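Visitor: Hi! Could you walk me through this one?
Guide: Happy to. Let's bring it up first.

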Amino acid sequence: MRNTPTLLQLKNLQHNVYTMLDDDWMLVTAGSLESFNTMTASWGGFGVLWNKPVAFVFVRPTRHTYQFMERSEVFTLSFFREESRDILQFCGKYSGRDTDKVKATGLEPLPSPAGSVIFGQSLMALDCRKIYTSDIDPAKFLDSSIQRNYPAHDYHRMYIGEILSQLSEQNIAEITTKQPL
Ligand SMILES: Cc1cc2nc3c(=O)[nH]c(=O)nc-3n(C[C@H](O)[C@H](O)[C@H](O)COP(=O)(O)O)c2cc1C
């Protein structure tokens, strides 16, 4: 696995991952251009597991995005500049069940190399292949205060994705220009 093109790119990331998640947030997107859903997320992480570069995200079963995560083999994580904060706020407040998030925010969906969906406004995106899922099990909480995060008992499902590619702003711009008119 050492120094595959994707891993080399990830090792050269200029972003602080804590800032990316906790401050900047991301969009978790699953589905295809024909039918997808996206939501804002800030819980998750990045690392190395089973000799693969991985990202892991946590999605409550109550999210509309959950159905798409379940049906899809691939999902994407998209990161934005501060000027796109409105988009992230909207996608973290409203559900795709009753709102057209693309129409409401002006998000520009584009095909990702692995067949999922990324966005033209994005600063960076990761194409991830689902390789493992696991549900948070309250019986395993070693710190009882964690339970406070689950008043509705909607325990997250963790998705571990192998990072297949990291797309820079430049790569995303190239996808944009390849779109048929
Ligand atoms: C900053 C922020 C971070 C969030 N992080 C998560 C998360 O990690 N996991 C999750 O299940 N929901 C998270 N949410 C909530 C979802 O984004 C929100 O419920 C959204 O409306 C779900 O949309 P959907 O029903 O279309 O999937 C977050 C919301 C915000 C504003």
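**Strands, helices and ligand**

Guide: S8 and S9 pair in the antiparallel sense, over 11 bridges; two strands count as paired if DSSP finds at least two bridges between them. Helices (H or I, at least four residues) and strands (E, at least two) are DSSP runs, numbered from the N terminus. This is a predicted model, where local features need pLDDT of at least 70 and side-chain atom pairs count only at pLDDT 80 or more, while totals for chains, interfaces and linings use all residues. Residues are numbered from 1 along each chain as its sequence is written.

Visitor: Nice. Which residue in S9 is the bridge partner of Asp135?
Guide: That is Arg157.

Visitor: And what is the strand order in the open sheet?
Guide: The order is S2-S1-S5-S8-S9-S4-S3, 7 strands with antiparallel pairing. S2 and S3 (44-49) are at the edges with a single partner strand each, so one side of each has no neighbour in the sheet. From one strand to the next, the twist averages 35°; angles run from 0 to 180 degrees between N-to-C directions, with axes as lines fitted to C-alpha atoms, for helices over the stretch in contact.

Visitor: Which strands does H3 touch?
Guide: H3 packs on the sheet and touches S1 (26-32), S2, S4, S5 and S9, with its direction at about 120° to that of S2. Contact needs C-beta atoms, placed from the backbone, within 7 Å.

Visitor: What about H6?
Guide: Helix H6 (residues 169-178) lies across S8 and S9, at about 80° to S9.

Visitor: Back to pairing: how many bridges join S4 to S9?
Guide: There are 6, and these two strands run antiparallel.

Visitor: Switching to the ligand, which residues come nearest?
Guide: Of the 20 around it, His64, Thr65, Gly92, Ser95 and Gly96. A residue is near if its C-beta atom, placed from the backbone, lies within 6 Å. Strand S2 (35-41), strand S4 (52-59) and helix H3 (64-71) each give two or more residues to this shell, and the largest share, 4 residues, comes from S2.

Notes: Two residues are in contact if their C-beta atoms, placed from the backbone, lie within 7 Å.
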